[in-house]
Amino acid sequence: MQGTGMRITDIDVFQVSWAADDRPQQRSAFVRIHTDAGLSGIGEASPMQGGLASLSIIARDIAPGLIGKDPLDHAVLLDTAFHTFVKLGPEGALTGALAALDIALWDLKGKFLGQPIYKLLGGAWRTSLPFYASIGGNGMRSVDQVLRVVETRLKDNPAAVKIRFDNDRNRLDGDLPGDIAKAKAVRKLVGDGFPLAFDANNGYSTGGAIRVGRALEELGYWWFEEPVQHYHVKAMGEVARRLDITVSAGEQTYTLAGVADLIAAGVRMVQPDIVKMGGITGLVRCTALAQAHGAELVPHQTQPTIGHMASLHLSASQLHMTKPCELNDPSTRMHAVFDNPPPSRSTGCSTCRPGPASGSPSTKPNWRNAAYRSAERRVRRLDCAGIGARLFSCRRSHQFRRRPCQSKPGSFAPESAPRGEAPPRLSPASCSRIR
Ligand code: CA
């Protein structure tokens, strides 16, 4: 078999701290893959509990099998790893690990071939992507508080607004009239023509979901997200089939087969997340599946750095993009991207002119708005080779390191970096390595 001659030499796994006092569970999880060609690729894992479980699986189980392999064989390598370690999952921690590795290997491929990833995916249908403001935590807020938060996010001129409820999953149907009242108040605030979405975050029974869904239909909401528990695929399908409003799900679906089950159950809009299931390769497979079944695919994506960049490449190359891209609430995690763009772009970058994306809502973006400028800046950086993102202000504070002195081979323990130091650049030399 002919290869590129390039071989994987090292794999780093590390967390990035976004605030001086955050806990390991609040940090982001990254992987960097090095090669003997001098190139490296970076990927991001699902941040649940700081991604610690995914980083541990990479370091202890998957990485040793990747050393010495050709990184352009990424699909073969990662499908092999999935089936080898399937009993560690197959959901959640394992697929988050594979997603991070896949994104890093695509980044490497882009750098090796000198092309942005969307080109390698077949080209971009659009070089500007509208965003919607994804506003969390509304279950705990009063109606007035919800309105104040929505007003604040409207200043960013999003193409749509999604109100997420984030209620306690141990209590279903906690306050149906109260939730409907918030939906009504937000509709009144933004006016009849503005695109709105409602995210139940799995908070309802089937009957409760249908009741809320009927109200959302009356209020002209665009879509109704995760109305029931994600693992009740049949119930999710029943809600979708009984309502006229588009019902979406899939951010907690970790395999291609799982997405197929959702579509078969009747869910018309699926939302797999690039850092949770399969990375770029996984999402490409999902887009083909959704297209074949006439389902909408709208990626879930709440990570503002590598995950977001990878998702934008995928969305740029997707034939039917029926909804804007998700942009999560402002947070310290965004600062690395929003406030510290790379000072220069690498050779070969071309400029994309911003403009409304095909199929986007008619809401006109305000190009002078800081948030949108930031989003647009990231889209422009899609034209860099690979993912084209650099984490300039990330403070690497927590990493896994192989400790040979420990009794169990392959045991990894977190290591904390000193606090209060200047943010270091993420460089291979500053990371621990697995050989
Ligand atoms: Ca959601």
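This is a predicted model: local features need pLDDT of at least 70, side-chain atom pairs count only at pLDDT 80 or more; totals for chains, interfaces and linings use all residues.
Reader: Fine. Let me try a helix, then. Which residues of α9 are buried?

Author: For burial, look for 20 or more other C-beta atoms within 10 Å of a residue's own. In α9, residues 256-265, that picks out G258, V259, L262 and I263. Look down the helix axis and these buried residues fall within an arc of 140 degrees, so they line one face of α9.

Reader: And what covers the buried residues of α9?

Author: Here's where contacts come in. The cover includes helix α8 (233-242), strand β8 (246-249), β9 and α10.

Reader: You mentioned strands. In what order do the eight strands of the open sheet run?

Author: The general idea goes like this: strands of a sheet pair through backbone hydrogen bonds, either parallel or antiparallel. In this model the open sheet reads β10-β9-β8-β7-β6-β5-β4-β11, with parallel pairing. The edges are β10 (296-297) and β11 (325-327); each has a single partner strand, so one side of each has no neighbour in the sheet. At the β10 end, β9 (residues 269-270) pairs with β10 over two bridges, in the parallel sense. V270 has L297 of β10 as its bridge partner.

Reader: Which strands does helix α6 touch when packing on that sheet?

Author: α6, residues 176-190, touches β5 (160-164) and β6 (196-199), and its direction makes about 160 degrees with that of β6.

Reader: What about two helices: at what angle do α3 and α10 cross?

Author: Take the angle between the two axes; anything from 65 to 115 degrees counts as roughly perpendicular. The axes of α3 (residues 93-113) and α10 (residues 279-293) cross at roughly 95 degrees and come within 5 Å, so the two helices are roughly perpendicular to each other. On the α3 side the contact uses L98, A99, D102, I103 and W106, while α10 brings G279, I280, T281 and G282. By type, the residues of this contact divide into five nonpolar, three polar and one charged.

Reader: Now an antiparallel example. How many bridges join β1 and β2?

Author: Eight, in the antiparallel sense, between β1 (residues 8-17) and β2. F14 stands opposite F30 in β2. β2 also pairs with β3 over six bridges, again antiparallel, and there R32 has I42 of β3 as its bridge partner. The hairpin of β2 and β3 has four residues between the strands, and G38 in this hairpin takes a positive phi near 85 degrees. As for burial, seven of the eight residues of β2 (residues 28-35) are buried.

Reader: How much of the protein is buried overall?

Author: 50% of its 435 residues count as buried. And among contacts with a separation of 6 or more, 75% come from residues 24 or more positions apart.

Definitions and conventions. Residues are numbered from 1 along each chain as its sequence is written. Axes are lines fitted to C-alpha atoms, for helices over the stretch in contact, and angles run from 0 to 180 degrees between N-to-C directions. Angles under 35 degrees count as roughly parallel, over 145 as roughly antiparallel, 65 to 115 as roughly perpendicular and the rest as oblique. Two residues are in contact if their C-beta atoms, placed from the backbone, lie within 7 Å. Ala, Val, Leu, Ile, Met, Phe, Trp, Tyr, Cys and Pro count as nonpolar, Asp, Glu, Lys and Arg as charged, and the others, Gly among them, as polar. A residue is buried if 20 or more other C-beta atoms lie within 10 Å of its own, exposed if 12 or fewer, and partly exposed in between; C-beta atoms are placed from the backbone. Two strands pair if DSSP finds at least two bridges between them. The arc is that of the directions from the helix axis to the C-beta atoms.
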